[in-house]
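Trainee: I should like to learn how to read a protein model, feature by feature. May we begin with the whole and then turn to the details?

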Amino acid sequence: MTGGRFIFCADMSIITISYGAAINHYDIINTASGIVAHRAAIAQKHNKSFLSRREKKERRILSVFDVVRTVLAVRQFRDEPIPEDVVREIVEAGHLTASAGNQQPWHFIVVQDKETLQKLGELAKSGPYIAQAPLAIVVAGEQTPFAVSDASRAIQDQILTAWEHGVGSNWVGFNNLPQVKPVLGIPDNIDVIAIIPFGYPVNKVGKGNKKRKPLGEVVHRERWDQPFA
Ligand SMILES: Cc1cc2nc3c(=O)[nH]c(=O)nc-3n(C[C@H](O)[C@H](O)[C@H](O)COP(=O)(O)O)c2cc1C
């Protein structure tokens, strides 16, 4: 087969590929890389990570357990933005979390403004590294009996979803950040439960080397006096 080829992309753009010789394995590879490069360019233009949802799904190799096993507290972040679709997925993970009586007593303030991140880093004494993160989600809760449990679960879902994309994070503060409220215009009757900075880790993490008590010390089988392990 000789001549030119047009590939119609999902975004209605067209890639023209021409080749003089018969189509072969390399043509297919080149065509595929052309599409990938093209998608990357479009993605860059729209500030999105460059894999489609389907591709990402196909490439997901971490099981939920692997994500849990390898996630660690990340306190140093690369100066690299998180693609907007990944940010949205992290946000959605919190939004979709279950809550007691489905009351959803939470609010998530997505902060990407450098100056605000800097300010949050100054105010959160146990998390000055928020200032280096490209993103932080301030998790606030209504004053209901289950708000802390509900918000904690949402935070964990966000942390794990981020880690699935290689985005590290950490939990900063615990229901003790009233000083943050005026910076973000949070009303008096709402508590700031935590700030979660997100970003790509400076150092390689995630080999699953966690410092944890032995399983048998905290997990029991059937009765308190019988260790699980
Ligand atoms: C409720 C909660 C509050 C935390 N608060 C802070 C904090 O204020 N600052 C901080 O640097 N890390 C904080 N952390 C992170 C823990 O210190 C960290 O997860 C723990 O030491 C285990 O380390 P690993 O996650 O790397 O295994 C918090 C974690 C949790 C679950």
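Mentor: We shall go from the overall pattern to the sheet, the core, a helix, a loop residue and the ligand. Please keep in mind that this is a predicted model.

Trainee: How many helices and strands are there in the protein?

Mentor: The protein has 8 helices and 6 strands. Along the sequence they follow the pattern β-β-α-α-α-α-β-α-β-α-β-α-β-α. Of the contacts between residues at least 6 apart in sequence, 67% join residues at least 24 apart. Buried residues account for 24% of the 229 residues.

Trainee: In what order do the strands of the open sheet stand?

Mentor: The order is 3-4-6-5, with 4 strands and antiparallel pairing. Strand 3 and strand 5 are the edge strands, since each pairs on one side only. Strand 4 pairs with strand 3 over 6 bridges, and 8 bridges join strand 4 to strand 6.

Trainee: Which residues have the most contacts inside the largest nonpolar core?

Mentor: The general idea comes first: in soluble globular proteins, nonpolar side chains tend to be buried together. Here the largest nonpolar core has 37 residues, and those with the most contacts inside it are Ala 136, Val 139, Ile 195, Ile 196 and Phe 198. Two or more residues come from each of helix 4, strand 3, helix 5, strand 4, helix 6 and strand 6. Helix 6 gives the most, with 7 residues. As for Ala 136, the residues it touches include Val 111, Leu 117, Ile 195 and Phe 198.

Trainee: How should I read helix 6, and which of its residues are buried?

Mentor: An α-helix has 3.6 residues a turn, so residues three or four places apart point the same way. In helix 6 the buried residues include Ala 147, Asp 150, Ala 151, Ala 154, Ile 155, Gln 158 and Ile 159. Among the elements that cover the buried residues of helix 6 are helix 3, helix 4 and strand 5.

Trainee: What span should the 18 residues of helix 6 have?

Mentor: At 1.5 Å a residue, helix 6 should span 26 Å, and its end C-alpha atoms are 26 Å apart, which agrees. After helix 6 comes Gly 166, whose phi is positive, near 80°.

Trainee: Where does Phe 146 lie, and is Phe 146 buried, partly exposed or exposed?

Mentor: Phe 146 lies in the loop between strand 4 and helix 6. With 15 other C-beta atoms within 10 Å, Phe 146 is partly exposed. Leaving aside residues up to four places away in sequence, Phe 146 touches Ser 99 and Ala 100. Ser 99 is 47 residues from Phe 146 along the chain, yet their C-alpha atoms are separated by 8.1 Å.

Trainee: Finally, which residues are around the ligand?

Mentor: They include Leu 72, Arg 75, Ser 126, Asn 170, Trp 171, Phe 174 and Lys 210. The shell divides into 5 nonpolar, 4 polar and 2 charged residues.

Conventions: Residues are numbered from 1 along each chain as its sequence is written. This is a predicted model: local features need pLDDT of at least 70, side-chain atom pairs count only at pLDDT 80 or more; totals for chains, interfaces and linings use all residues. A residue is near a molecule or strand if its C-beta atom, placed from the backbone, lies within 6 Å of it. Ala, Val, Leu, Ile, Met, Phe, Trp, Tyr, Cys and Pro count as nonpolar, Asp, Glu, Lys and Arg as charged, and the others, Gly among them, as polar. A residue is buried if 20 or more other C-beta atoms lie within 10 Å of its own, exposed if 12 or fewer, and partly exposed in between; C-beta atoms are placed from the backbone. Two residues are in contact if their C-beta atoms, placed from the backbone, lie within 7 Å. A nonpolar core is a set of buried Ala, Val, Leu, Ile, Met, Phe, Trp, Tyr and Cys residues joined through C-beta atoms within 7 Å. The expected span of a helix is 1.5 Å times one less than its number of residues. Two strands pair if DSSP finds at least two bridges between them.
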